[in-house]
Amino acid sequence: MIVVISGPGGVGKGTVASRLLDADDRLWLSRSWTTRQRRPGEAADAYVFVDRTAFDERVAAGGFWEWAEFLGNRYGTPRPGPGEVPDGHDVLLEIDVQGAEQVLALEPDALLVFLDAPSLEAQRARLVGRGDPPDAVERRMAKGAEERALAHRLGAVVVVNDDLERTLAELQGILAAARATTT
Ligand code: 5GP
């Protein structure tokens, strides 16, 4: 099964995805490539950080499953190499909703979860708190509104990230239910 977690910037997707991975040994994280600069304090393995040339070469070689441009930077899901996904594992993608739409077109049975903030104020506070410059905060807020609309059109399961432990429990329940119907 493919599990896609999308959601607006600042909603805590990275934290939720990494806790979910720690708690679930049948999930395998696909690490995305990006042309974005690494943020101060961001883990070196949060992405494969590459320049535009390296990214575009991989696009030309058909090496991405999907890719999208997001606020001036490119992000892509590399096609896993043969044997890269361990047997019996579900693949977790943490990607934007445009990417999710492409994945759903290829894999209609993929589970799409849209993680949303409890409120617009909470989302803005998180973006400011992690050090995004003011213009980036506003662009991500505007982009978030578009993403929310697309997620609804795609029939995403919406989970509100109000409390990390509660959110994790809800996601684990959703995954368990999806696994029960696909196996
Ligand atoms: P950020 O710059 O905040 O790390 O990510 C910006 C957006 O790009 C987020 O919505 C994130 O989920 C999305 N993203 C990360 N990796 C990928 C990817 O491989 N493909 C696509 N389409 N979006 C991605």
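Which residue in β7 is the bridge partner of Ile5? Glu94 in β7 takes that place. These legends describe a predicted model, where local features need pLDDT of at least 70 and side-chain atom pairs count only at pLDDT 80 or more, while totals for chains, interfaces and linings use all residues. Residues are numbered from 1 along each chain as its sequence is written, and side-chain values use heavy atoms, with hydrogens and water left out.

**View A. The open sheet has five strands.** Their order is β2-β7-β1-β8-β9, with parallel pairing (strands are DSSP E runs of at least two residues, helices H or I runs of at least four, numbered from the N terminus; two strands pair if DSSP finds at least two bridges between them). β2 (27-29) and β9 (157-160) stand at the edges with a single partner strand each, so one side of each has no neighbour in the sheet.

**View B. β1 meets β7.** Four bridges join β1 to β7 (residues 90-94), and the two run parallel.

**View C. Here is the largest nonpolar core, with 18 residues.** Such a core is a set of buried Ala, Val, Leu, Ile, Met, Phe, Trp, Tyr and Cys residues joined through side-chain atoms within 4.5 Å; buried means under 20% relative accessible area (1.4 Å probe, protein chains only). Leu20 and Leu111 have the most contacts inside this core. β1 (2-6), α1 (13-23), β8 (111-116) and α6 (164-182) each supply at least two of its residues, and the largest share, five residues, comes from α6.

**View D. Leu20 has its own set of contacts (heavy atoms within 4.5 Å).** Beyond its neighbours within four places in sequence, Leu20 touches Ile5, Leu27, Leu168, Leu171, Gln172 and Leu175.

Methods:
Buried means under 20% relative accessible area, exposed over 50%, partly exposed in between (1.4 Å probe, protein chains only).
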